[in-house]
Amino acid sequence: MEIAIFGGTFDPPTVAHEAIIDACLEQNDIDEIWLMPSGVRTDKPGMRSDEIRIEMLDLIRQKYWLPTLKVSDFELTLPRPTKSCTTVRALEEAYPDNRFWFVYGADSYEMMHTWECGQELKKSLGMLLVARAGYHMPPKSATIRHLQVKNAEVNVSSTAVRELFRTAQPIDGLVSPQIGQFIVDHGLYEQVTIN
């Protein structure tokens, strides 16, 4: 089975994440897409709990209601802090009959050589790459495919959504209505008044 792994903090999932999910679903040779929230990361301190992020991803999954789109807690069960090379090896060991394609932005691809085992990953890992403004896209190959993301200009980050919400600015159109309501209902990102 060919499986796309779309990982990230998803704190919260944005419309940019959903555009990437749409692009993955259009890949005829991908059998399943696993939305995989990352565990504790040294570069992303202060994430919401694993359970909250899983709940938000499940709201996204429910919008599509497709059996090929799954939310996976696989990386959350691994030793922390999370490292890509550990996740890749653990997936290959747990599911030896599957081929995994990891979704990355061209910015992440460009920095991959600085990661632990990054050179090895860059050479051998199956990747579905998303173009990013200002970053070079490597040519397609046996291990690299290009994801054509519609509305690619929608490049909103979870960090920007949190900051807008925290400063009582609207986040309409940056997250789905379900996620926006979830944020409000659960008081996820503390609001402050800016004088």
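Predicted model: local features only at pLDDT ≥ 70, side-chain atom pairs only at ≥ 80, totals over all residues.
Axes here are lines fitted to C-alpha atoms, for helices over the stretch in contact, and the angles between N-to-C directions run from 0 to 180 degrees.

Helix α1, which spans residues 15-25, packs with helix α2, residues 50-64, at an angle of about 45°, and their axes are 12 Å apart. The crossing in which α1 passes α2 is right-handed. On the α1 side the contact is made by E18, I21, D22 and L25, which meet I60, K63 and Y64 of α2. Sorted by class, the residues of this contact of α1 with α2 comprise 4 nonpolar and 3 charged, with no polar ones.

Helix α2 also packs with helix α7, residues 177-186, and here the angle is about 150° while the axes lie 10 Å apart. This makes α2 roughly antiparallel to α7, because the cut-off for that description is an angle over 145 degrees. The crossing of α2 and α7 is right-handed. In α2 the residues I52, E55, M56, L59, I60 and K63 take part, and they meet Q178, I179, F182 and H186 in α7. The contact of α2 with α7 has, by class, 6 nonpolar, 2 polar and 2 charged residues. Two residues of α2 can be followed through both contacts, for I60 and K63 are listed where α2 meets α1 and are listed again where α2 meets α7.

From the helices we turn to the sheet. In general, strands of a sheet pair through backbone hydrogen bonds, either parallel or antiparallel. In this model 6 strands form an open sheet in the order β3-β2-β1-β4-β5-β6, and the pairing is parallel. Strands β3 (69-71) and β6 (144-147) stand at the edges, each with a single partner strand, so one side of each is left without a neighbour in the sheet. From one strand to the next, the twist averages 30°.

Strand β4, residues 99-105, is mostly covered, with 6 of its 7 residues buried. Strand β1, residues 2-8, is joined to β4 by 4 bridges, the two running parallel, and within this pairing I3 stands opposite F100 in β4. Strand β5, residues 126-130, pairs with β4 in the parallel sense over 5 bridges, and M127 in β5 is the bridge partner of F102. Continuing along the order of the sheet, β5 pairs with β6 in the parallel sense over 4 bridges, with V130 standing opposite L147 in β6.

Helix α3, residues 84-94, packs on this sheet, where it touches β1, β2 (32-37) and β4, and its direction makes about 160° with that of β4. Between β3 and α3 lies a loop that holds P81. This proline has 36% relative accessibility and therefore counts as partly exposed, since that term covers values between the limit of under 20% for buried and over 50% for exposed. P81 and S38 are 43 residues apart in sequence, and their C-alpha atoms are 9.3 Å apart in space.

Conventions:
Residues numbered from 1 in each chain as written. Heavy atoms only, no water. Buried < 20%, exposed > 50% of the residue type's maximum accessible area, 1.4 Å probe, protein only. Pairing = 2+ DSSP bridges. Left-handed = near helix turned anticlockwise from the far one by under 90°. Contact = heavy atoms within 4.5 Å. Nonpolar A, V, L, I, M, F, W, Y, C, P; charged D, E, K, R; others polar. Parallel < 35°, antiparallel > 145°, perpendicular 65-115°, else oblique.
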